[in-house]
Protein chains: 2
Amino acid sequence: MKKLTIAVDAMGGDFGPSVIVPAALQVLAKYDNLHLVLVGNQEILQNELKSRPNSTNSRLTIHHASQRVEMNESPALALRGKKDSSMRVAINLVKEGNVQACVSAGNTGALMATARFVLKTLPGIDRPAIVSTFPTVTGKKNMRMLDLGANVDSSAESLFQFAVMGSVLTTAVDGIENPKVYLLNIGEEDIKGNEQVKETAQLLANSKMINYMGYIEGDEIYRGDADVVVCDGFVGNVALKTSEGVALFMKKLIKEAFHRNWMTKLVGLLAFPVLKTLAKRMDPGQYNGASFIGLQGIVIKSHGGAKTSAFAHAIEEAIVEVEKNIPQRISDEVGRLLQVTPIGKDKTSDDPQKNPLN
Amino acid sequence: MKKLTIAVDAMGGDFGPSVIVPAALQVLAKYDNLHLVLVGNQEILQNELKSRPNSTNSRLTIHHASQRVEMNESPALALRGKKDSSMRVAINLVKEGNVQACVSAGNTGALMATARFVLKTLPGIDRPAIVSTFPTVTGKKNMRMLDLGANVDSSAESLFQFAVMGSVLTTAVDGIENPKVYLLNIGEEDIKGNEQVKETAQLLANSKMINYMGYIEGDEIYRGDADVVVCDGFVGNVALKTSEGVALFMKKLIKEAFHRNWMTKLVGLLAFPVLKTLAKRMDPGQYNGASFIGLQGIVIKSHGGAKTSAFAHAIEEAIVEVEKNIPQRISDEVGRLLQVTPIGKDKTSDDPQKNPLN
């Protein structure tokens, strides 16, 4: 088995080391070939490790970083002012080739700004995107949606690039050939939608390399027809977060329905195993770990509020992307599509002039 | 009690007269002062009425219209080519003052285009919006969101006008003074969001007449903090439809969890009353009836797939707006705010030149 080394920003997220350290230990126990580098305040991390059983593991090292990016900090300020933050140092480790990926539950804006600044985008890619996996009603097939918030007011060219990246990722990770790509819109008719969406539809329809299926509306994204749903980051972020809001709302309704009186509570007690299965299937933690795609390196973003098993899932997402060599595959595909030189083929390959879409 | 007269586009929606006629009869039985005008093919409607018990009602009349706008028809074609459609005739009845409002479950784009063309916007309002009521986790307080799809790429001025209209509607219908207005965005920090959203935030913060509370994210809109959530129609439509998609998904998960084997089915049988209450609280039909706001007249849009009780709710929404005199109240408020002459005050009041925001 090939050795895997992944850096973990141990200070990020709403809970920091108290969630991230046990998550790291959990994943290490599962993968024999995995090495994790916990990046953060050495003293705090050592104490956190000491308080845990079975925490001496030769495949776990601490890399000291003196600063921490706060969850509500301005990305620009974090980028300029916190050059020794756990987030920045973890990304630097990717850049320097010391690790193959990094995972952070920290401030999304700061993570994206720093990752983009340090790692740079792939040749031919104007803007990175945030992509994540979503469940569908089919129970088997998942769906990927991008962008989930890295960009606002995305151009048609950017949306087209998101479609390419989403397709490559789906083929590489799930082995689906010619994944079905849909464009999120507010109506299926050609007349609807804004200008960028209409223009993107043209680009996608004309591309032989994308299996473009047409428009999709918000109520259809979870149906299981789509493998990849493409949208602007503002729209995608609203769709993602609204979904989270509705799911929480529904959970509360279920709880309330079974807590109305002693009779319903008794029924709830009997229904406990069913409700437990239900809660498990509804748990968003099993999909935790969004990928910052389009960069010259693998950066996985965990939900800030992730608990141990959810953060562990984000680390596993990083493992998959390392094993599947995602950035190289995207770079190769984009290179073929846009006639730019992929990474690793030419020293001047990250010259943005070579992208005909620029 | 004041006499109420409302026109119903009896041919619209996925189910047409078979749903709309019984819904009309249901609402008529509830309101003694209500008169309904069913607009559509006379023969079809008479046959539909004959097949129903207790369908002879002196407060129900049929107004013949020879055409029908199809659900997937181009709005522009419907507007130009179907001047005797049930939809167009129902809106004409509003314009001519024969009825006080109209309700349709037909093609949203065609309904909006026709309503805007026939009725015109209120003085000071550039674009009408689609607004609807949403439940919140509080179980008591509702929330209104606009625009839900009438406009894409809304300007800051339009978004500001949506905020005014949403506030007036909430005060008039729910009696909430200074309703809390939020702006949908992808982050609470001032740095996030697109240009229009940032500009709108400035306009709202500077307005003394709007109780502007700041940005809100998708996962927070159902929490019950906001009375009014303002967004562009593309974003709002995605949020609305994604919510519908997630709710359906959750319902399916619940059903599956109780149908896994004979044991869970037995528990489901015991839990039946609880699950029934739950289904009732989850039913989107109880919120059916979106308002086309900002027009010189009341137009209520029902979900195309609405069943009888949901369509009946849309008619009741029209009744509330007539009783509260919504267009006049919005016009008065906008007049105060933008120094334009409200409707009914001046014959030249719909001169767009008078709107300082134009």
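1. A salt bridge here is a side-chain nitrogen of Lys or Arg within 4 Å of a carboxyl oxygen of Asp or Glu. By that rule, chain B and chain A share two salt bridges. One of them joins the side chains of Glu217(B) and Lys241(A), with N to O at 2.2 Å. Keep in mind that this is a predicted model.

2. Polar contacts also cross between the chains. Seven residue pairs from chain B and chain A qualify, both residues of each pair being at pLDDT 80 or more.

3. Four helices of chain B each put at least two residues on the side that touches chain A: H7 (195–206), H8 (233–258), H9 (262–270) and H10 (272–282). H8(B) gives the most, with 21 residues. By class, this side of chain B has 29 nonpolar, 16 polar and eleven charged residues.

4. Now the extent of the interface. Chain B brings 56 residues to the contact, and chain A brings 56 residues. Together the two chains bury about 4900 Å². Carbon and sulfur atoms account for 75% of that area. Ile186(B), Phe234(B) and Phe249(B) supply 14% of what chain B buries against chain A, more than any other three residues.

5. On confidence, the predictor gives the complex an ipTM of 0.86 and a pTM of 0.89. Chain A has a mean pLDDT of 89, and 95% of its residues reach 70 or more. Residues 347–358 of chain A have pLDDT below 50. That stretch still has 25 contacts in the model beyond near neighbours in sequence.

Terms used:
Residues numbered from 1 in each chain as written. Chains lettered and ligands numbered in written order. Heavy atoms only, no water. Contact = heavy atoms within 4.5 Å. Buried area = accessible area lost by both parts, 1.4 Å probe. Polar contact = N/O pair within 3.5 Å; in protein donor to acceptor, adjacent residues only side chain to side chain. Nonpolar A, V, L, I, M, F, W, Y, C, P; charged D, E, K, R; others polar. pLDDT = per-residue confidence, 0-100.
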